[in-house]
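Reader: I have a model open on my screen. Please show me how to read its features, one at a time.

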Amino acid sequence: MKIAIMGFGTVGSGACEEAKTAGGIEVKRILARHGREGYEYLNDIITADIDDITGDPEIELVIESMGGIEPAREYVLKCLRAGKHVVTPNKNLISACYKELMEEAEKNGVRLRFTSAVGGGIPWLFNLLRTKRADSITSVRGIVNGTCNYILDAMHDKGADFGDMLRNAQELGYAEADPSSDIEGTDTLRKTVISTNLAFDAAVTEEEVPCYGIDTIKACDIAYLKEKGLVCRLMMSAVKKGDAIEVSVEPAAFGKDSLEANVKTNNNLITLTAENIGTQSFYGQGAGMYPTGQSVIQDVLDIRDGKEMEIPAAASGLRADNSEAVRRYYIRHDRMCEHIEPLIDTFEERDGIYYCISKPIKVGDMHAMGHHRKEKGKDMFFAALAE
Ligand code: HSE
């Protein structure tokens with residue numbers, strides 16, 4: 001099969017390498033502004049003109065690994081309209097434009113596949129859909145950002161510095177071009193929206209999901225939690241409750257013997273629960289050139305070999321609703337004021353810092369307080385106490 005790759009960064013080049021290993025796939029064109037060091041032998045097939053791809057009848061499938069929404073969306077639509085299958089790891093695009101792109105693919109009789117958009121090298125979405133066709137999913141939860149896990153694990157295990165570990169994650173190709181989307185939780189948010197909508201045929205949007213990242217965590221939080229036998233992880237959580245879904249992205253503190261606490265480096269751990277099968281967890285490399293590149297190529301091979309996957313074309317009516325979602329939180333605060341005090345069950349004051357365990361608080365209220373403090377430049381961090 002002859003294919004093209006749009007965008008030749010970490011994942012695009014990883015897919016190119018994995019295509020060689022898989023065999024039977026020829027990369028005929030690469031859309032990029034310039035070549036990539038180490039890939040000079042591909043300079044002849046590099047083009048900056050999308051029409052060289054959409055106008056080439058030999059190219060049957062296009063990998064979109066440009067990232068972001070535009071021009072990725074415009075180019076993917078052009079490829080679909082030109083009758084080309086599309087495979088993409090682009091979670092921004094799938095989270096925001098899923099319905100539009102799926103409908104366009106269907107209209108043109110081609111496939112759109114995005115297994116690598118959540119979980120990097122783990123075939124998470126593939127197995128989620130597979131479970132769903134025979135069972136009823138009740139929750140999806142997990143660690144889905146390799147960069148954050150890499151940082152948190154190194155801070156916990158080695159006392160490493162947040163900034164140093166973020167720079168390492170960038171050098172290793174785990175982090176996004178703008179790593180604020182990793183540490184502020186928006187990368188996890190996009191993966192949460194995609195997983196939730198596929199799991200529950202829902203129509204949840206990014207705006208509906210409370211999202212708080214790890215950008216305000218400090219060494220003192222890690223040390224305090226460690227002293228209490230707890231380990232911090234950034235979690236996606238979506239639980240079906242009747243006709244609504246309780247869904248959030250937030251740091252959570254787990255007992256040191258839990259599976260989540262033992263997820264090391266850039267690995268992801270994603271867990272589904274379904275009515276008949278119970279709980280299943282998927283663990284592996286959640287980011288990086290080769291894991292994500294291979295997941296992209298698995299989708300290419302499935303399309304080439306005519307392996308169908310039941311991906312819902314458009315979502316039904318289920319929406320996010322956190323109005324009944326209540327949790328106890330660890331909260332670190334720089335003072336005990338009238339807003340915080342009524343929410344606190346127990347606290348310890350050390351060197352002017354308040355380490356608190358809250359009473360049960362509504363998830364929305366906790367997030368609103370966290371964002372309000374952040375906007376005001378005030379020092380605060382919180383993490384849900386995992387059940
Ligand atoms: N920046 C992402 C992560 C890449 O760290 O998980 C994989 O989606």
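Author: Start with pairing. Two strands pair if DSSP finds at least two bridges between them. Keep in mind that this is a predicted model.

Reader: How do strands hold on to each other in general?

Author: Strands of a sheet pair through backbone hydrogen bonds, either parallel or antiparallel. Here, β1 (residues 2–6) and β2 (residues 26–31) pair in the parallel sense over five bridges. Ile-3 stands opposite Val-27 in β2.

Reader: In what order do the six strands of the open sheet lie?

Author: The order is β3-β2-β1-β4-β5-β6, and the pairing is parallel. The edges are β3 (46–47) and β6 (112–113). Each edge strand has a single partner, so one of its sides has no neighbour in the sheet.

Reader: Which strands pair with β8?

Author: β7 (residues 137–143) pairs with β8 in the antiparallel sense over four bridges. There, the bridge partner of Val-140 is Ala-238. β8 and β9 also run antiparallel, joined by 12 bridges. In that pairing, Leu-230 stands opposite Gly-255 in β9.

Reader: How many residues lie between β8 and β9 in the hairpin?

Author: Two residues. One feature of the turn is Gly-242, with a positive phi of about 60 degrees.

Reader: Why is β8 described as largely enclosed?

Author: Count its buried residues. In β8 (residues 230–241), 10 of the 12 residues are buried, so the rest of the structure largely encloses this strand.

Reader: Now a helix. How do I read its faces?

Author: An α-helix has 3.6 residues a turn, so residues three or four places apart point the same way. Take α12 (residues 363–375). Its buried residues are Val-363, Met-366, His-367, Met-369, Gly-370 and Arg-373. Down the axis of α12, they fall within an arc of 160 degrees, so they line one face of the helix.

Reader: What covers the buried residues of α12?

Author: The cover includes β9 (244–255), β13 (326–327), β14 (329–333), β17 (361–362) and β18 (380–385).

Reader: What span should α12 have, and what is the distance between its ends?

Author: At 1.5 Å a residue, its 13 residues should span 18 Å. The end C-alpha atoms are 18 Å apart, which agrees. After α12 comes Gly-377, with a positive phi near 75 degrees.

Reader: Is Thr-192 buried or exposed?

Author: Buried, because its relative accessibility is 0%. Thr-192 lies in helix α9 (residues 186–200). A polar atom of its side chain lies 2.6 Å from the backbone oxygen of Thr-188. Leaving aside neighbours within four places in sequence, Thr-192 is in contact with Met-236, Val-247, Ser-248 and Val-249.

Reader: Where is Tyr-290, and what does it contact beyond its neighbours within four places in sequence?

Author: Tyr-290 is in helix α11 (residues 289–304). At 43% relative accessibility, Tyr-290 is partly exposed. Leaving aside neighbours within four places in sequence, Tyr-290 is in contact with Glu-17 and Glu-18. Tyr-290 and Ala-15 are 275 residues apart in sequence, yet 7.3 Å apart in space, C-alpha to C-alpha.

Reader: Which peptide bond is cis, with omega near 10 degrees?

Author: The one from Glu-70 to Pro-71. Pro-71 lies in the loop between β4 (61–64) and α3 (72–81).

Reader: Last, cysteines. How many disulfides does the structure hold?

Author: A disulfide is a covalent bond between the sulfur atoms of two cysteines. The structure holds zero disulfides. For Cys-232, the nearest cysteine sulfur is that of Cys-148, 9.6 Å away. Cys-232 is buried, at 3% relative accessibility.

Notes
Residues numbered from 1 in each chain as written. Predicted model: local features only at pLDDT ≥ 70, side-chain atom pairs only at ≥ 80, totals over all residues. Heavy atoms only, no water. Disulfide = S-S within 2.5 Å. Buried < 20%, exposed > 50% of the residue type's maximum accessible area, 1.4 Å probe, protein only. Expected span 1.5 Å × (residues − 1). Arc of directions from axis to C-beta. Contact = heavy atoms within 4.5 Å. Polar contact = N/O pair within 3.5 Å; in protein donor to acceptor, adjacent residues only side chain to side chain.
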